[in-house]
Amino acid sequence: MTRYVTLGFIQQPDSGGCTYLFYSEIHRPLRNTPHTEGPITDSATTTSSWPSDFAKPRDTALIGFCLVAWGGILSVLSAGNSLLQVKQALLVVAGARLQPLLGGEALHSTDIAVVLFGAMLVVAGGYVHVSVGLAVVLALRPWLDGFTYPADNIYFLWAILYLLGLWGVRQIRDPKPFRGGLPIGLLALYIVYGMISATTAIQLNTTYTELLLWVGYGALLLVAINGTPSSHARGVVLLGLLAGVAGQALFAYPHLAYILPWLRESLQADPEQLARWFKGATEFTPELARRFNLNRAFASMVFPNALAALLLLGIPVTIALSIDGWRSLFRSVPRPSTPSQKGYAVLLAVAVPLFVTVLLSVFALGILSLTYRLNGPPWFGSRGNLNVLSVIVAAVPTVCFLLAGRSRGAGYALRCLQAGTATLFTPIVLGALWITYSRGAMLALLLASIGVACMLWWARRDSRPTATKAKAMGVLSILAVLGAIGAMGFGVALPVVADNPAPAPSGELLPEGMDISMAELANPASFAARIGYWRVALRIVADHPLLGVGLGNFGMAYGPAQDLDAGDVRNAHSVILQNLCEVGIPGLLLFMAFWGVFLWQGAKFLFVTGKKGSMLPLGLFVGLVAFLIHALIDINFSHPSLVMMAMAALGLFYSGLPESPAPARPRTRRVVAMLLVTSAAVAAGLMMRPYVQALGLNGGKLINVSNRSWVDTRQKTANFFLSDVPTWAMKGKADPPPRIPLATVVSLLPERDILFKIGRVLAPDPQRRAWVEVDADQSLPPNGVLEISRPWDAHALVMERTELWVKELAFLDTRFPYDPNLALRISRVYKSMLDGVSKQQADRKDGYLAAMESWGKEALRRSPWHKDMHQNMAWVYWTMGSNSKGAESIAYYEKALDAFKRARELGHLEPNYYFVHSGALAAIGQSYKNQGVTDEAQRYQDEADAIEAEGLRLQAERWSRGLQ
């Protein structure tokens with residue numbers, strides 16, 4: 001007799017009915033199985049263990065071979081930079097019409113090779129089984145955080161929708177019972193209410209993209225529950241989830257030791273990089289420098305607390321896997337066996353990926369220390385030594401695995417691999433959590449562990465019926481969450497007793513950083529800062545109680561309601577208040593109902609199965625509860641990577657819950673599946689709009705797609721040729737000729753023959769410490785400059801190119817006509833062209849003025865709460881007043897002052913808006929003074945002085961509090 005147990009939830013009868021357990025064992029004989037003569041082989045194991053719902057083993061092997069070949073082909077093409085034509089074609093499809101566009105960071109094929117290989121991994125994995133594709137998504141998800149550059153999320157959303165469509169098509173062909181109807185239905189209602197609240201959103205484009213994210217989260221939950229019907233499928237998804245967590249945990253160590261010191265040194269030496277990272281800042285405030293100097297790891301998750309939240313999902317699961325693995329080894333009675341041919345195939349199928357994974361992991365960690373180490377070579381010395389070290393380290397577990405399999409069978413070897421790997425990674429992930437120094441995450445893990453432990457203790461001690469205890473525990477779980485919310489509200493009502501800790505005396509960055517002391521960890525100031533955020537959030541809720549300000553718009557609504565006791569943030573640092581602000585009270589109730597169902601069903605399930613069985617469902621439950629507790633005081637649900645990983649863990653937990661047998665309604669199931677497939681296709685199409693626009697704006701980068709530095713570079717180039725170059729020419733060329741970096745000028749003038757017609761190309765000569773002219777037949781130096789010698793020819797040429805570019809921007813705007821920043825950019829480009837118009841181009845002025853005003857109004861219409869949109873309109877009216885006369889000119893100036901005032905009101909805690917408004921008032925006062933109207937001149941000057949004094953006071957106050 002053989003008991004078949006495998007990685008995943010299975011149904012097993014016991015005295016209490018049907019219990020769903022999560023085992024990590026491979027088929028093995030029972031203890032009381034009589035010993036049979038002859039060797040025991042793995043033949044039965046290997047023939048029966050391959051899942052029937054997966055692609056056939058031979059097809060799977062062929063797919064694996066094709067993936068390896070595809071990766072090799074892409075590597076060769078990328079190394080030879082042979083994929084630029086593909087990138088060029090994508091840009092043409094996107095609508096980037098000014099050719100050639102490629103330049104600067106886009107002059108490589110690595111990004112497109114990575115994207116194509118990742119897409120093929122998901123497509124091929126989904127063909128093998130939906131769970132394999134989902135595991136690939138989860139393993140890759142944390143490496144593109146999606147918080148800094150939101151368009152990168154679309155890759156993962158497309159992958160999830162593809163898997164949903166694949167599952168739906170298979171469901172149409174062979175209808176299976178639909179599971180998880182209650183949580184999926186509640187999440188769907190939450191998304192629908194988010195769509196309703198979008199009708200009153202204060203900025204539609206943010207809500208649009210946020211809604212698409214939530215559609216993807218819902219699709220992920222649905223696939224994780226219904227696309228993993230077998231224990232094998234659940235085990236594969238769990239493996240992908242843990243791979244993503246483990247990868248970030250491993251990366252945290254070299255990130256803290258090598259990458260952070262390198263970043264500090266780079267930011268200190270490069271002010272332009274500082275401005276790019278911190279929204280135009282030219283220096284670090286003392287508090288910002290102190291925070292950046294703290295030695296806290298965040299890997300690729302942007303924030304230490306975000307990495308900590310990710311680790312919360314994995315730590316309990318790795319502990320559970322470790323316990324289950326060792327327990328299965330000690331409980332089994334392994335007997336010598338001779339693996340069959342298929343048994344050896346199983347061993348090789350696991351050994352090869354194991355060797356490659358360990359080798360690449362060790363190599364990647366070593367390369368990081370070689371690349372970013374500031375003080376001498378690492379202990380292994382060189383890349384050659386690293387290659388040897390990687391092979392040796394990878395060989396050790398692989399050889400041990402093969403020896404265990406050869407002596408005692410594949411099943412025993414796999415159990416050893418699970419126990420050893422989980423035991424090894426448990427201290428690694430715990431250590432990674434510690435070096436994030438996230439007190440909230442550590443406390444959340446502690447509270448969740450204690451709470452679930454008390455539940456299990458009650459389940460064993462209490463003699464009341466299991467059903468009664470389970471229901472009581474579900475109620476207590478929900479009440480505990482409500483109590484935490486109430487405690488948070490009580491904290492908001494308390495006075496703020498401390499702001500952030502006293503900042504360092506200067507804004508200097510220290511490459512070695514500052515270690516965090518126990519006193520720093522014990523300091524409650526960061527929680528006091530959160531109370532400030534929450535008070536501002538409650539003001540927003542009071543103004544928008546029902547529909548909120550729209551999903552994703554908390555940051556936009558925060559500024560006008562902010563006070564000096566609250567720091568500058570984009571998120572509420574509380575999932576409860578974030579939802580209240582963005583979707584109102586009804587939206588929050590739906591959100592809480594969705595997670596309340598999880599707490600209810602999770603508590604009931606643990607009370608039924610908590611006395612026996614696997615630890616894995618317990619690990620998933622503890623991880624998710626800790627994640628929710630942490631979300632009460634942090635930004636977990638604003639970070640797309642975190643939400644996707646949490647939804648996958650939630651889906652894994654739900655997929656193992658027992659459900660009542662569903663009635664056989666194949667026709668209804670087919671209709672639902674068809675609706676889901678159609679919805680997935682529609683959602684994928686809607687995601688195409690912002691993605692195509694972002695791709696057209698970034699100059700061809702397929703990773704960090706939302707990065708618009710390419711647009712900034714073109715704007716800088718246009719301003720140089722339309723402003724600096726004519727100014728130099730009109731001075732009679734008395735000053736040295738103006739120069740511009742080649743990496744910048746190619747954004748608008750990529751043709752090399754044009755560069756040599758309007759100036760000289762110079763390259764640095766390190767030996768002579770001088771610039772040397774480059775001949776026309778030589779290659780262009782990447783660090784060279786262009787020195788202008790024919791200014792008016794250059795001016796006329798760039799004016800024509802800028803006109804083409806602004807038309808391209810207008811066309812790209814039609815792809816996704818909701819982005820206020822793009823409309824703002826177009827208005828500013830027209831202003832640059834207007835300021836650079838020469839006498840020969842005077843007939844273009846009226847057209848530029850009209851376009852500048854039209855796009856400025858459009859930007860303001862799209863985002864009426866954005867202070868920069870009002871300030872831009874102020875400059876538009878100011879420019880129009882400068883180009884008008886008499887009463888019309890005065891009317892425009894008055895409109896400009898009103899717009900400056902409105903921008904200052906919306907940015908009432910930012911001194912810059914005070915200084916700009918003050919400068920405009922002073923300029924009008926000076927105009928009246930020149931006309932001899934002294935009373936009006938004095939009135940305007942007095943108002944200007946008062947506003948400037950207020951701005952200076954505000955600036956000093958912000959600096960003393962460490963605000964930028």
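This is a predicted model: local features need pLDDT of at least 70, side-chain atom pairs count only at pLDDT 80 or more; totals for chains, interfaces and linings use all residues.

**Cavity lining and a helix pair**

Sorted by class, the residues lining the largest cavity comprise seven nonpolar, one polar and two charged.

The cavity

- The structure holds one cavity of 30 Å³ or more, and the volume of the largest cavity is about 40 Å³.
- The lining of this largest cavity consists of 10 residues, of which Gly696, Leu697, Arg714, Trp805 and Glu808 are the closest to its centre.
- At least two lining residues come from each of three helices, namely H24, H25 (709–730) and H28 (791–815), and H28 gives the most, with four residues.

The contact of H8 with H24

- Two packed helices are described by the angle between their axes and the distance between the axes.
- For helix H8 (residues 204–226) and helix H24 (residues 666–697), the axes come within 11 Å and cross at roughly 145 degrees, and the crossing of H8 and H24 is left-handed.
- On the H8 side the contact involves Tyr208, Leu212, Val215 and Leu222, which meet Leu676, Ala683, Leu686, Met687, Arg689 and Pro690 of H24.
- By class, the residues of this contact between H8 and H24 divide into nine nonpolar and one charged, with no polar residue.
- H24 therefore belongs to both topics, since helices are counted as numbered DSSP runs: H24 supplies at least two residues to the lining of the largest cavity, and H24 also meets H8 through residues including Leu676 and Pro690.

Conventions: Residues are numbered from 1 along each chain as its sequence is written. Side-chain values use heavy atoms; hydrogens and water are left out. Axes are lines fitted to C-alpha atoms, for helices over the stretch in contact, and angles run from 0 to 180 degrees between N-to-C directions. A crossing is left-handed if the near helix is turned anticlockwise from the far one by less than a right angle, and right-handed if clockwise. Contact means heavy atoms within 4.5 Å. Ala, Val, Leu, Ile, Met, Phe, Trp, Tyr, Cys and Pro count as nonpolar, Asp, Glu, Lys and Arg as charged, and the others, Gly among them, as polar. On a 1 Å grid over the protein atoms alone, a cavity is a set of points where a 1.4 Å probe fits but cannot get out, and a pocket is an open set with protein on both sides within 12 Å along at least five of seven lines; lining residues have an atom within 4 Å of a point. Grid points are joined across faces, edges and corners, and a volume is the space filled by probe spheres set on the points.
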